[in-house]
Amino acid sequence: RMPSSNGAGGPAAPATQAPREAGFSQLNGRQRQFDFMRTHGAAARAAEAETGLPAAFVLAQAAHESGWGRREIRNADGSSANNLFGIKAGAGWKGAVAEVTTTEFVDGQPRKLSQRFRAYASPEESFRDFARLMKDNARYSAVLASGRSAERYAQGLQSSGYATDPAYAGVAYRGDQATVAGDLTVNPIEVDVLLGDEPIGA
């Protein structure tokens, strides 16, 4: 998963650092969160169209995995691998790879391990690959069947083995809204407002 993150994902050209992504570390609190959602909202919507998973949940997961864009997986040359979901590069992956040290849970205990992650040419490519993974890999059927329940979405990820952290599902949902590490609730209506799909105050 991401450096200092506790998940473990299942299953493109050399990655380059996205200009907007580089600026997230300069923003604070809620402004950084809104900027992240605006920047990646269209990609999350495309993932929703592909999988049926609510864009708010996909955005919340990307934010959790990447620390709102501040905790990036990086290539050997220091550029961003644009891997917002911490998806690993398994034996069948033929694209670019970034190798980093990350925290994994082995027999319930955290360990620092060197892991190979998929590298993408853009953040949008990361969202597309995540959507393909959810849609095409039978192990994530429970995630696809979660409907608009953030709790079921998070538990589906946990039970499928997406994350090695035994507490992963506990930080990924709250009721019908998606919560990121306890510091933000991504409300579906709020996402609609940010993307211009609903009037302010709807």
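## Burial and the Phe36–Trp68 pair

A residue counts as buried when its relative accessible area is under 20%. In this predicted model, Phe36 is buried, and Trp68 is buried as well.

## Confidence of the prediction

The chain has a mean pLDDT of 76, with 69% of its residues reaching 70 or more. Among the elements of the chain, the highest mean pLDDT, 97, belongs to helix H4 (residues 123-136), and the lowest, 41, to helix H1 (residues 19-23).

Two stretches call for separate mention. The pLDDT is below 50 over residues 180-184, a stretch that has 15 contacts in the model beyond near neighbours in sequence. Over residues 196-202 the pLDDT is also below 50, and here the model shows seven contacts beyond near neighbours in sequence.

## Nonpolar cores

The largest nonpolar core holds 33 residues; those touching the most other members are Val58, Phe85, Phe127, Phe130, Met134, Tyr153 and Tyr162. At least two residues of this core come from each of helix H2 (29-51), helix H3 (55-66), H4 and helix H6 (150-160). H3 provides the largest share, seven residues. In soluble globular proteins, nonpolar side chains tend to be buried together.

Leaving aside residues up to four places away in sequence, Phe130 touches Val58, Gln61, Phe85, Ile87, Tyr153 and Tyr162. There is also a second, separate core of six residues, among them Ile73, Ala81, Ala98 and Val100.

## Aromatic pairs

Seven aromatic pairs are found in a search of the whole structure. In one of them, the ring centres of Phe36 and Trp68 are 5.4 Å apart and the ring planes stand at 80 degrees, so the pair is edge-to-face; planes over 60 degrees apart fall in that class. Phe36 belongs to helix H2, whereas Trp68 sits in the loop between H3 and strand S1 (97-106), so the pair ties together parts that are 32 residues apart in sequence.

The rings of Phe85 and Phe127 have their centres 5.0 Å apart and their planes at 85 degrees, and this pair is therefore edge-to-face too. Distant parts of the chain are linked by the pair, with Phe85 in the loop between H3 and S1 and Phe127 in helix H4, 42 residues apart. Phe85 is buried, its relative accessible area being 0%. Phe127 is likewise buried, at a relative accessible area of 1%.

## Aromatic cluster

One aromatic cluster is formed by Phe85, Phe127, Phe130, Tyr140 and Tyr162.

Terms used. Residues are numbered from 1 along each chain as its sequence is written. Side-chain values use heavy atoms; hydrogens and water are left out. pLDDT is the predictor's confidence in each residue, from 0 to 100. Helices (H or I, at least four residues) and strands (E, at least two) are DSSP runs, numbered from the N terminus. Contact means heavy atoms within 4.5 Å. A nonpolar core is a set of buried Ala, Val, Leu, Ile, Met, Phe, Trp, Tyr and Cys residues joined through side-chain atoms within 4.5 Å. Buried means under 20% relative accessible area, exposed over 50%, partly exposed in between (1.4 Å probe, protein chains only). Rings of Phe, Tyr and Trp (its six-membered ring) pair if their centres lie within 6.5 Å; planes under 30 degrees apart count as stacked, over 60 as edge-to-face and the rest as tilted.
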